[in-house]
Amino acid sequence: MRVERAALLGGTGFVGRALAARLVRAGVAVRVVARNADAAEGLPEGVTALSADVLDAAAIRRAMAECEAAVYLPGLVHGRSRRVFHDVHVRGAQSCADIARELGLQRFIFLSALGAAAGAPAWSDQTKAEGEREVARAFPGTVVVRPSLVLGPGNHFTTRMLDLMRRLPVLPVVGPGTRVQPVHIKDLADALRGLLKDPLEAGPVIQAAGPRVWTMIELLEVMRERSRVRCRLLGLPESVVLALAAVAERLPESPICRDQVRLMRTDKIADAGLADLATLGIEPADPLSGSL
Ligand SMILES: NC(=O)c1ccc[n+]([C@@H]2O[C@H](COP(=O)([O-])OP(=O)(O)OC[C@H]3O[C@@H](n4cnc5c(N)ncnc54)[C@H](OP(=O)(O)O)[C@@H]3O)[C@@H](O)[C@H]2O)c1
């Protein structure tokens with residue numbers, strides 16, 4: 001199927017920008033939709049920016065009108081109540097999927113996360129799993145993409161961690177033994193572009209993970225070494241981090257909340273039984289290339 005027009009809901013973020021740039025290069029008319037899309041700087045040339053909240057059904061209907069495909073990208077890791085996560089991962093996603101079906105779109109992709117599970121300890125993972133279910137019900141044929149940590153130029157994780165490592169003599173590490181399998185943004189964006197073009201024969205879920213598994217502290221050690229930064233990494237007991245996060249999450253620009261601590265209780269790695277990038281013919285690159 002040829003996708004002529006696509007709506008990227010949450011398209012001004014890290015993943016959305018990379019995907020938008022690829023789609024524009026492939027000749028697709030791209031609408032990026034986010035609450036502050038009008039004010040977003042440095043969007044790929046050629047995209048149309050539309051400001052709307054995913055919970056505003058009328059605005060989303062206008063944004064998706066005449067599109068063949070939509071990708072749902074909004075996602076949170078920070079929040080002080082389950083409702084905050086539910087609004088974005090479930091209510092907003094389900095409403096957008098309903099509208100996509102009513103408008104007759106042919107493709108709907110939902111960005112979830114490795115670790116999403118109804119019984120997961122973190123609200124963010126629980127509500128991603130609920131979102132996967134509800135979106136698939138609302139839009140039959142939905143493709144769910146579950147990335148691990150996404151790295152690459154301008155990514156949130158290495159930018160923030162290296163900034164802290166350069167400023168602090170000791171960096172406390174949340175979930176030091178949690179295993180992650182970071183994926184390079186170019187591989188994720190290629191996968192999403194491919195999934196918009198061709199129907200998925202492998203099944204409704206694709207895991208986007210990189211070529212190797214690290215524990216969180218191993219990953220930070222490699223980043224520290226490759227960037228030649230001197231900073232001690234200190235794995236703290238979860239009870240201590242939870243107590244700190246309970247105080248920190250009340251601050252306006254808080255660096256951490258308790259749900260992020262709970263998120264790190266479970267590994268974010270691919271399950272050997274499910275489809276992954278190799279299923280799409282993508283050989284995953286070193287996720288740290290261009291990330292440091
Ligand atoms: N980056 C990673 O390492 C990673 C790992 C696993 C899974 N994922 C998943 O991949 C997806 C994309 O991640 P990302 O890193 O690109 O996220 P991001 O950079 O934080 O971007 C999120 C986007 O969603 C928009 N947004 C948030 N709330 C919205 C709302 N209520 N209505 C409309 N737009 C809204 C934001 O713009 P405004 O603030 O202007 O609305 C922004 O455009 C997320 O679902 C995330 O959970 C990411």
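Lys186 is partly exposed, at 37% relative accessibility. Here buried means under 20% relative accessible area, exposed means over 50%, and partly exposed falls in between (1.4 Å probe, protein chains only). The side chain of Lys186 meets that of Asp187 in a salt bridge, 3.4 Å from N to O. Asp187 is buried, with a relative accessible area of 2%. A salt bridge is a side-chain nitrogen of Lys or Arg within 4 Å of a carboxyl oxygen of Asp or Glu.

This is a predicted model, in which local features need pLDDT of at least 70, side-chain atom pairs count only at pLDDT 80 or more, and totals for chains, interfaces and linings use all residues. Residues are numbered from 1 along each chain as its sequence is written, and side-chain values use heavy atoms, with hydrogens and water left out.

Now to the other charged pairs. Side chains of opposite charge can pair when their charged atoms come close. The structure holds 17 salt bridges. One of them joins the side chains of Arg61 and Glu102, at 2.8 Å from N to O. This pair links distant parts of the chain. Arg61 sits in helix α2 (residues 57-64), Glu102 in helix α3 (residues 82-103), and 41 residues separate them. Helices (H or I, at least four residues) and strands (E, at least two) are DSSP runs, numbered from the N terminus. Arg61 is partly exposed, at 34% relative accessibility. Glu102 is also partly exposed, with a relative accessible area of 47%.

Asp98 pairs with Arg101, and their closest N and O atoms are 3.3 Å apart. The two residues are three places apart in helix α3, about one turn of the helix. Asp98 is partly exposed, with a relative accessible area of 25%. Arg101 is partly exposed at 41%. Elsewhere, Arg83, Asp87 and Arg91 are linked in a network of salt bridges.

Next comes the ligand. It is surrounded by 23 residues, and the closest are Thr12, Val15, Arg35, Leu73 and Lys128. A residue counts as near if one of its heavy atoms lies within 4 Å. This shell divides into 12 nonpolar, eight polar and three charged residues. Ala, Val, Leu, Ile, Met, Phe, Trp, Tyr, Cys and Pro count as nonpolar, Asp, Glu, Lys and Arg as charged, and the others, Gly among them, as polar.

An N or O atom in the side chain of Lys128 is 2.7 Å from a ligand oxygen. For His156, the distance from such a side-chain atom to a ligand oxygen is 2.9 Å. A polar side-chain atom of Asp53 lies 3.3 Å from a ligand nitrogen. On its own, the ligand has 890 Å² of accessible area, and the protein covers 83% of that. Accessible areas come from the Shrake-Rupley method with a 1.4 Å probe; for residues, only the protein chains shown count as cover.

Last, look around helix α9. Arg262 lies in this helix. Arg262 is buried, with a relative accessible area of 17%. Leaving aside neighbours within four places in sequence, Arg262 is in contact (heavy atoms within 4.5 Å) with Pro121, Ala122 and Trp123. Lys268 is found in the segment after α9 (258-263). Lys268 counts as buried, at 9% relative accessibility. A polar atom of the Lys268 side chain lies 2.9 Å from the backbone oxygen of Leu263. Not counting residues up to four places away in sequence, Lys268 touches several residues, including Leu114, Asp125, Ser148 and Arg179.

Conventions. Polar contact = N/O pair within 3.5 Å; in protein donor to acceptor, adjacent residues only side chain to side chain.
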